[in-house]
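Hello,

Here is the structure we talked about. Please open it alongside this note, and then read on for what turned up.

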Amino acid sequence: GGATAANQFEGSWDKDGRGTALVDVIPHGENRQAVMDGTFDYRKLPKESYFPGRKAVNGFENYKEDIVLLKELGCKCYRFSISWSRIFPTGEESQPNENGLNHYENVIDELNKYGIEPIITICHFDIPLALIEKYGSWKSREVIDCYLRYCEALFHRFGKKVRYWITFNEINMLMHLPFMGAGIRLEEDENPMEVKYQAAHHELVASALAVKMAHEICPGSQVGCMLAAGDVYPYSCDPKDVWASVEKNRENYFFTDIQVRGNYPSYAEKLFERENIRLKMKENDLEILKENTVDFVSLSYYNSRCVRADGKGEAAGGNVFASAKNPHLTNSQWGWPIDPLGLRITLNTLYDRYQKPLFIVENGLGAKDTPDENGFVDDDYRIEYLSSHVKAMMDAVEKDGVDLIGYTAWGWIDLVSATTGEMSKRYGMVYVDLDDFGKGTGKRIPKKSFYWYKNVIESNGDCLRDDA
């Protein structure tokens with residue numbers, strides 16, 4: 001299938017009673033990184049700032065046409081997110097916004113009409129801005145109740161039509177881009193590490209209670225967690241490099257260790273001791289985490305990482321995670337390492353660690369596309385990237401025995417890049433005629449990769465086999 005997210009795809013930020021959301025105050029340009037990492041207050045941005053998420057690619061209004069393209073592509077499933085502030089504009093209303101619920105019901109019904117399985121991310125880098133202003137977002141325990149009220153509205157309305165739910169997108173991103181990941185602004189007098197782990201605890205409790213609620217309201221539903229995945233390799237066989245990779249991987253798996261196993265790992269407890277981090281918990285929080293573990297583990301995979309204990313050497317690009325440059329890999333136009341075997345390695349690591357079904361819900365290549373005079377994009381570089389990764393996924397399933405539910409390419413259609421805010425960093429197999437500042441016709445034009453992926457789906461991957 002394919003994947004998108006409301007904050008990068010929908011736009012229509014002020015339609016049908018939607019409240020202002022986190023994405024609506026993250027700007028394009030030089031201040032973007034500082035806002036995303038929580039060190040720059042968005043309220044101090046210049047008045048002329050441009051906010052790309054407010055328009056995105058207008059997926060909100062184009063959903064019928066876009067779903068027809070999904071059907072043409074042959075997708076069997078579509079992973080998308082719901083905009084929290086479309087359902088509860090401030091996050092604290094006693095009743096959900098009916099216009100918002102109706103919209104997503106129409107989307108789900110349209111998908112089901114074509115036999116496309118909806119996979120819903122409940123919170124994808126998203127929270128009503130009012131909850132950030134009033135409570136400091138997930139710093140406050142109050143937000144757990146707001147999230148659960150939102151979940152309850154979704155489960156009651158869509159529970160009979162949706163089987164797969166993901167509680168939080170890339171939950172570990174909270175540690176790297178606190179504001180983009182969870183609406184967390186870091187104040188000068190705060191201990192950043194303690195603030196982030198406290199917010200993490202609130203999200204983890206909320207996620208566990210959402211699992212419990214989904215199983216009660218819609219029996220048979222499958223509820224998963226999600227992490228931004230990618231194994232961290234040691235730069236060399238120097239034991240110091242190997243140990244540095246162990247620590248980096250643990251940092252990544254902290255959230256899923258709790259969501260799958262149901263308790264705080266011993267390495268985290270020791271970290272809290274060393275760093276003098278004191279988490280505020282309620283008496284039954286640990287019991288909630290223990291009793292409400294997830295049904296599956298979903299993940300995004302774009303690249304592996306590499307670490308040197310001495311911190312020396314050239315740095316690599318690679319999402320928002322710091323990494324040493326791996327001399328054995330080539331890089332994308334944005335400096336991200338390209339490592340298809342790393343996907344197989346990561347899938348095996350996760351499956352060995354958790355023995356839970358896995359679901360790849362993001363994988364793709366951000367690249368500059370140059371349309372010809374007819375608007376067609378000949379994107380062999382994207383086909384090469386996706387092909388090598390799908391083959392690695394097939395190997396993980398067929399040769400290694402990894403239990404994999406599915407694969408949704410990111411994004412099946414062009415959308416705003418989460419990290420850079422650019423349209424020119426394109427991921428889609430469908431070209432959207434818009435530039436970095438939202439100018440253009442918005443027309444959708446399938447790329448060469450669209451027809452390639454259609455064939456992959458039709459043949460169930462057989463066209464990629466060496467003997468095909």
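Start with the largest pocket, which holds about 620 Å³ of space. It is lined by 23 residues, and the closest to its centre are Met393, Ile405, Gly406, Tyr407 and Asn460. Keep in mind that this is a predicted model.

Which elements build that lining? Strand E3 (117-123), H14, E14 and H15 each supply at least two residues. The largest share comes from H14, with 5 residues.

**The sheet**

Next, the sheet. It is open and has 9 strands, in the order E14-E13-E7-E5-E4-E3-E2-E1-E15. The pairing is parallel. Strand E14 (404-407) and strand E15 (409-410) stand at the edges, and each has a single partner strand, so one side of each has no neighbour in the sheet.

Ile360 stands opposite Tyr407 in E14. Tyr407 also turns up in the pocket, among the residues closest to its centre.

**Helices on the sheet**

Helix H9 (residues 192-217) lies across strand E4 (164-168) and strand E5 (222-229). It runs at about 160° to E4. Helix H13 (residues 340-354) lies across E5, strand E7 (296-301), E13 and E14. Its angle to E7 is about 160°.

**Helix H15**

Which residues of helix H15 (residues 448-458) are buried? They are Ser449, Phe450, Trp452, Tyr453, Val456 and Ile457. Down the axis of H15 these fall within an arc of 165°, so they line one face of the helix.

What covers the buried residues of H15? The cover includes helix H3 (63-73), helix H14 (380-398), E14, E15, strand E16 (430-432) and strand E17 (444-446). After H15 comes Asn460, with a positive phi near 55°. Asn460 is also one of the residues closest to the centre of the largest pocket.

**Cavities**

H3 gives the most, with 4 residues.

Best wishes

How values were computed. Residues are numbered from 1 along each chain as its sequence is written. This is a predicted model: local features need pLDDT of at least 70, side-chain atom pairs count only at pLDDT 80 or more; totals for chains, interfaces and linings use all residues. Side-chain values use heavy atoms; hydrogens and water are left out. Two strands pair if DSSP finds at least two bridges between them. Contact means heavy atoms within 4.5 Å. Axes are lines fitted to C-alpha atoms, for helices over the stretch in contact, and angles run from 0 to 180 degrees between N-to-C directions. Buried means under 20% relative accessible area, exposed over 50%, partly exposed in between (1.4 Å probe, protein chains only). The arc is that of the directions from the helix axis to the C-beta atoms. On a 1 Å grid over the protein atoms alone, a cavity is a set of points where a 1.4 Å probe fits but cannot get out, and a pocket is an open set with protein on both sides within 12 Å along at least five of seven lines; lining residues have an atom within 4 Å of a point. Grid points are joined across faces, edges and corners, and a volume is the space filled by probe spheres set on the points.
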